[in-house]
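Subject: Handover of a structure and notes on what was found

Dear colleague,

Please find the structure below, followed by notes on what was found in it. Kindly keep the structure open while you read.

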Amino acid sequence: MNAPFPTGRTRPLRLAIDIGGTFTDLVLRDETGRERTYKTSSTPQDPSDGFFAGLDLIAGDLGLASRRDLLARVDTIVHGTTITTNALLTGATAKTGLLTTDGFRDILLARQGHREDQFNSKARPPKPLVPRALVVAVPERLDRDGTVTLALDEAAVRAAAAYFRAEGVAAVAVSFVFSFFNDAHERRAGEILAAELPGVFISLSSRVAPEVRFYERTSTTVLNAAVGPVLERYLDRLSARLAEDAFDRPLYIMQSNGGVVSLANAAARAVNTLLSGPAGAPPAAASRAAALGIDSVMTIDMGGTSFEVSLSRGGRTEISSGGEIDGYPISTPILDISTIGAGGGSIAWITAGGLLRVGPQSAGASPGPAGYGRGGTEATVTDANLVLGYLNPDKFNASVALDVGRAREAVGAVGARLGLGIETAADGIYRTINAEMTDSLRLATIRRGLDPRGFAIVAAGGAGPLHAAALARDLDIPLVIVPRNASVLCAGGMLLSDYARYYVRTLAIADPHDPRLDLESEFAALEALAIREFTAEGIDREALSFIRSADLRYIGQVHEVAVPFTDAAALVAQFHRSHHERFGHSQPADAVEIVNIRLLARGAVTAAPSGEIAAPSGATTAPSRRSAWFGGAYRDVPVLDGETLDPGAAVDGPALVELPTSTIVVPEAFRLVVAATGDYLLHDASRSLDAIRARLSPAASATGAPH
């Protein structure tokens with residue numbers, strides 16, 4: 001049991017809680033920046049149970065009488081949740097209606113009029129979140145400049161409200177043509193619906209995604225409506241339970257864009273939480289890399305259910321102005337994170353042709369892998385790692401004790417179907433999941449014209465350090481960074497996140513050289529709006545900062561390129577450079593149009609003073625030994641306690657380095673070195689670590705040093 005953090009303040013602690021599909025991660029930080037990390041099983045039936053079980057775990061560890069005593073010392077909680085993602089993926093969204101402009105009733109069914117996968121004639125789009133019977137079109141119309149050409153038929157809106165009431169909808173999305181230029185009709189329709197349908201969640205496109213592209217805007221507004229009531233119920237329940245424990249300090253919710261939002265405002269833009277949990281890892285990884293003097297990193301986050309990849313360069317993770325979640329387009333800024341179903345709980349299976357596959361199906365938290373002993377019988381990646389000797393069954397997780405016998409039985413069943421022994425089958429599962437993750441890393445880099453060899457891997461998640469060196473070897477990536485808090489890096493990153501909101505305005509004037517276009521005034525209007533909204537939420541004007549950007553394209557192009565905005569005169573030249581960097585070509589002689597301007601407003605609310613994540617104990621523990629699979633056979637290898645390794649310590653593979661909630665696999669011909677920051681650096685032992693770090697430094701990136 002740990003003693004409470006020493007402090008001179010009444011509320012010195014900040015707490016991050018990240019609820020994943022399998023585990024709930026918690027990071028507790030004091031005012032000096034020191035952290036303690038915890039992990040407990042998630043509770044899919046009610047995620048708030050896992051939230052409070054984590055609080056009980058921390059209180060007990062600190063010797064406090066109850067979680068109420070813990071919360072009395074906590075100044076801020078930042079919470080990442082998969083509640084909206086799970087609702088979407090499982091079909092547990094709210095019953096939703098759509099109100100749209102007359103003549104556009106089939107906008108969700110028509111989509112863009114083409115298949116997303118052009119080469120798959122059998123591909124089917126996802127089922128619309130609003131069935132056609134719950135789409136109501138009403139008379140109203142604006143022209144392409146936002147001028148009213150047909151007034152809103154308020155009687156039709158009231159009739160629609162009566163119909164929605166009779167159908168028992170829990171949410172209504174409102175998306176009218178050209179409402180991003182003039183939101184008067186949507187605002188009025190929203191007022192009528194709110195009066196006629198008390199308690200029903202109302203989502204307006206002019207508030208959720210006020211930009212051009214009607215289908216994407218409508219899809220985003222519908223997504224917001226479909227998951228809004230689900231998030232609202234969860235947060236109300238969470239808030240009530242915290243109030244019972246007398247917690248009255250800020251609770252922030254992590255957003256997909258890498259920033260946080262207040263509890264009171266989270267549900268209104270629930271669509272912004274669809275990547276809430278994974279969004280914490282990239283800022284944390286970029287921070288760790290910067291402390292090591294490394295410019296470009298590829299963050300891999302492998303937990304129990306999924307595998308996420310993101311790229312950060314110069315300390316900045318790319319933000320996408322939209323994306324797709326489970327086949328549904330979304331037009332809100334999100335961190336550019338790609339996800340596949342590859343985690344410790346991913347299930348191994350055999351195709352009809354007799355080939356081994358792993359995932360995307362997951363055993364989740366319940367019943368979990370066979371080795372959890374909770375009733376699971378199918379072999380998973382965790383079971384394979386246990387059979388291969390990479391995991392210590394007695395030091396896996398405070399909430400889970402692994403059963404080697406059950407894991408061997410499950411993996412053996414897979415091997416029997418393949419005509420393989422247990423160990424060979426386990427190695428096959430390990431290699432198969434690695435191959436799938438390697439493909440994901442290739443796509444994340446090469447599709448952007450980037451060489452993966454110019455990046456370091458930051459390994460996050462409980463399973464990330466088990467597989468990271470193998471991925472680096474397959475792609476010739478020179479360096480793997482394993483943060484000391486790798487298994488809870490997402491939660492740790494949440495404590496680095498600012499209050500953030502993105503603002504967008506689609507411009508009526510498309511020509512960047514048109515003298516009527518005053519970009520400074522347009523940005524100033526967005527900044528004034530941000531200041532009003534942030535100060536209304538208690539954030540000081542002095543704490544605000546703004547980042548400007550614009551979306552430009554060549555006339556005739558369908559999609560835009562986001563360009564940082566510093567000066568209107570240099571904007572077009574910057575677009576040509578950005579286009580060439582991304583696509584390998586540009587046409588400086590061609591005409592350019594500007595589509596949107598965007599503003600990122602940030603207010604510092606959660607960042608704590610920087611400090612060491614943990615300090616070595618000073619009491620080096622003698623290595624134990626364990627039989628583990630290396631080079632196609634079991635070998636007796638050293639097992640070291642990573643928490644007792646001092647900076648500068650080096651470990652040559654094959655070896656295992658155990659952390660409280662993860663294990664680092666150090667393959668043969670690899671070396672692990674403990675950095676001055678306390679992080680673990682893995683690299684090919686035949687290469688100089690100093691040369692590798694120099695090659696990945698900002699100076700090398702700026703000069704375009706060859707990789």
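A polar contact is a pair of N or O atoms within 3.5 Å; within protein, one atom must be able to donate a hydrogen and the other to accept it, and residues adjacent in sequence count only if both atoms are side-chain atoms. By this definition, the side chain of Arg-484 makes a polar contact with the side chain of Tyr-680, at 3.3 Å.

Before the further findings, a word on the origin of the values. The model is predicted, and local features need pLDDT of at least 70, side-chain atom pairs count only at pLDDT 80 or more, and totals for chains, interfaces and linings use all residues. Residues are numbered from 1 along each chain as its sequence is written, and side-chain values use heavy atoms, with hydrogens and water left out.

Arg-484

Arg-484 is found in the loop between strand 24 (479-482) and helix 15 (489-494). Helices (H or I, at least four residues) and strands (E, at least two) are DSSP runs, numbered from the N terminus. The side chain of Arg-484 also reaches the backbone oxygen of Gly-678, at 2.9 Å. A salt bridge is a side-chain nitrogen of Lys or Arg within 4 Å of a carboxyl oxygen of Asp or Glu.

Salt bridges

The structure holds 39 salt bridges. In one of them, the side chains of Arg-237 and Asp-46 meet at 3.4 Å, N to O. This pair links distant parts of the chain, 191 residues apart: Arg-237 is in helix 8 (residues 214-244), and Asp-46 is in the loop between strand 3 (35-41) and helix 1 (47-61). Arg-237 is partly exposed, with a relative accessible area of 33%, whereas Asp-46 is buried, at 16%.

Arg-158 forms a salt bridge with Glu-154, the closest N and O atoms being 3.9 Å apart. Both residues lie in helix 5 (residues 154-167), 4 residues apart, about one turn of the helix. Arg-158 is partly exposed, with a relative accessible area of 35%, and Glu-154 is partly exposed, with 29%.

A further salt bridge joins Glu-423 and Arg-408, whose closest N and O atoms are 3.2 Å apart. Here Glu-423 lies in helix 13 and Arg-408 in helix 12 (residues 404-418), 15 residues apart. Glu-423 is partly exposed, with a relative accessible area of 23%, and Arg-408 is partly exposed, with 30%. Salt bridges that share partners join Glu-154, Arg-158, Arg-165, Arg-188, Glu-191 and Glu-196 into one network.

Nonpolar cores

A nonpolar core is a set of buried Ala, Val, Leu, Ile, Met, Phe, Trp, Tyr and Cys residues joined through side-chain atoms within 4.5 Å. The largest such core has 73 residues, and those with the most contacts inside it include Phe-307, Tyr-390 and Leu-441. Which helix gives the most to this core? Helix 13 (residues 422-446) does, with 8 residues. Apart from this core lies another, of 72 residues, among them Ile-17, Ala-491, Ala-530 and Leu-599.

Leu-441 touches Met-298, Ile-300, Phe-307, Val-309, Ile-457, Leu-471 and Leu-475, not counting residues up to four places away in sequence; contact means heavy atoms within 4.5 Å. Met-437 is placed in helix 13 and is buried, with a relative accessible area of 0%. With residues up to four places away in sequence again left out, Met-437 touches Met-302, Phe-307, Ile-340, Ala-342, His-467 and Leu-471.

A hairpin

Strand 21 (residues 346-350) is mostly covered, as 4 of its 5 residues are buried. Strand 21 pairs with strand 22 (residues 356-362) in the antiparallel sense over 4 bridges; two strands pair if DSSP finds at least two bridges between them. The bridge partner of Trp-349 is Arg-357, in strand 22. The two strands form a hairpin with 5 residues between them, and Gly-354 in the turn has a positive phi of about 85 degrees.

Yours sincerely

Key. Buried < 20%, exposed > 50% of the residue type's maximum accessible area, 1.4 Å probe, protein only.
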